[in-house]
Each structure stands twice: as C-alpha cells, then as structure tokens.
Amino acid sequence: MSVKTNKAAGDVKVLNLPEYGKFNIETDRYDGSQMQLALFNALGESCYNSTSSEPSFVIDISNMPRGIYFLNVVVDGRNSFHKLINGL
C-alpha cells in the first residue's frame with residue numbers, strides 16, 4: 001500500500017498504518033474544523049464519504065477490492081487530493 005499526495009492543502013497528511021488497508025488522515029487544525037472525506041475508485045465511483053471534526057481520522061478500505069483509490073479531503077474549504085493504493 002502507498003499514498004501519493006497533492007500538496008494543495010498542506011495541512012492534511014495521509015499515512016499508511018501497519019494494518020492492511022488502513023490509512024490515518026491528519027490535519028494540523030485543532031480548532032474543531034470539519035474535515036470532509038470522499039473516496040473514489042479508479043472509475044470515479046464514490047466508495048466512501050464521511051465527516052469528522054477530530055484532527056485525526058482512520059479510514060479502513062481493507063474490505064474493498066485491491067486497486068487504486070482517490071481520496072479528496074476538504075478542510076476549511078481547501079481541497080487536498082491523495083492517491084491510495086490498496087493491496088498492490
């Protein structure tokens with residue numbers, strides 16, 4: 001598994017966790033700002049959507065088919081795009 005990040009919103013980090021298919025999304029904003037997460041598969045189909053006001057959030061895609069996924073994270077109106085590779 002791996003992560004490639006677009007630095008458009010530099011306050012968001014996506015890190016691989018040791019467990020298969022789990023990624024930790026972190027923001028340096030601790031003021032309760034909403035973090036919106038949207039995950040899409042390689043065909044552009046929506047696979048997962050969530051909202052969190054926590055500075056750290058774990059997304060588990062281990063039950064999804066192997067492949068490439070795209071994660072859009074929005075914090076304070078700023079987009080950050082990340083490419084997640086599940087099981088390759």
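**Figure 1. Asn-24 and its side-chain partner Glu-26.** In this predicted model, the side chain of Asn-24 makes a polar contact with the side chain of Glu-26 at 2.7 Å, where a polar contact is a pair of N or O atoms within 3.5 Å and, within protein, one atom must be able to donate a hydrogen and the other to accept it, while residues adjacent in sequence count only if both atoms are side-chain atoms. Asn-24 is found in strand 3, strands being DSSP runs of E with at least two residues, and helices DSSP runs of H or I with at least four, numbered from the N terminus. Asn-24 counts as buried because its relative accessibility is 9%; buried means under 20% relative accessible area, exposed means over 50%, and partly exposed lies in between, with a 1.4 Å probe and protein chains only. Leaving aside neighbours within four places in sequence, Asn-24 is in contact with Lys-13, Val-14, Leu-15, Leu-17, Ser-56, Phe-57 and Val-58, contact meaning heavy atoms within 4.5 Å.

Figure 2. Strand 2 and strand 3 run antiparallel and are joined by 5 bridges, and two strands are said to pair if DSSP finds at least two bridges between them. Within this pairing, Val-12 has Thr-27 in strand 3 as its bridge partner.

**Figure 3. Strand 3 beside strand 6.** Strand 3 (residues 22-27) and strand 6 also run antiparallel, again with 5 bridges between them. Along this pairing, Lys-22 stands opposite Asp-60, Phe-23 stands opposite Ile-59, and Asn-24 stands opposite Val-58. In a regular strand the side chains alternate between the two faces of the sheet. Strand 6 (residues 56-60) has a covered face made of Phe-57 and Ile-59, and an uncovered face made of Ser-56, Val-58 and Asp-60.

**Figure 4. The surroundings of Thr-27.** Thr-27 has its place in strand 3 and is buried, with a relative accessible area of 5%. Not counting residues up to four places away in sequence, Thr-27 touches Asp-11, Met-35, Glu-54, Pro-55 and Val-75. The C-alpha atoms of Thr-27 and Val-73 are separated by 9.8 Å, although these residues are 46 residues apart along the chain.

Figure 5. When residues up to four places away in sequence are not counted, Arg-29 touches Asp-11, Pro-55, Val-75, Asp-76 and Arg-78. The C-alpha atoms of Arg-29 and Ser-53, which are 24 residues apart along the chain, are separated by 9.5 Å. Asp-76 belongs to the loop between strand 7 (67-75) and strand 8 (78-86) and counts as partly exposed at 42% relative accessibility. Most residues other than glycine have a negative phi. Asp-76, although not a glycine, has a positive phi of about 55°.

**Figure 6. The whole protein and the confidence of the model.** The protein has 0 helices and 8 strands, and 39% of its 88 residues are buried. Among contacts between residues at least 6 apart in sequence, 50% join residues at least 24 apart. The protein exposes about 4900 Å², of which carbon and sulfur atoms supply 50%, with areas computed by the Shrake-Rupley method with a 1.4 Å probe. The mean pLDDT is 84, and 85% of the residues reach 70 or more, pLDDT being the predictor's confidence in each residue, from 0 to 100. Over residues 6-10, however, the pLDDT is below 50, and this stretch has 8 contacts in the model beyond near neighbours in sequence. Where pLDDT is low, the predicted coordinates should not be read in detail.

Residues are numbered from 1 along each chain as its sequence is written, and side-chain values use heavy atoms, with hydrogens and water left out. In this predicted model, local features need pLDDT of at least 70 and side-chain atom pairs count only at pLDDT 80 or more, whereas totals for chains, interfaces and linings use all residues.
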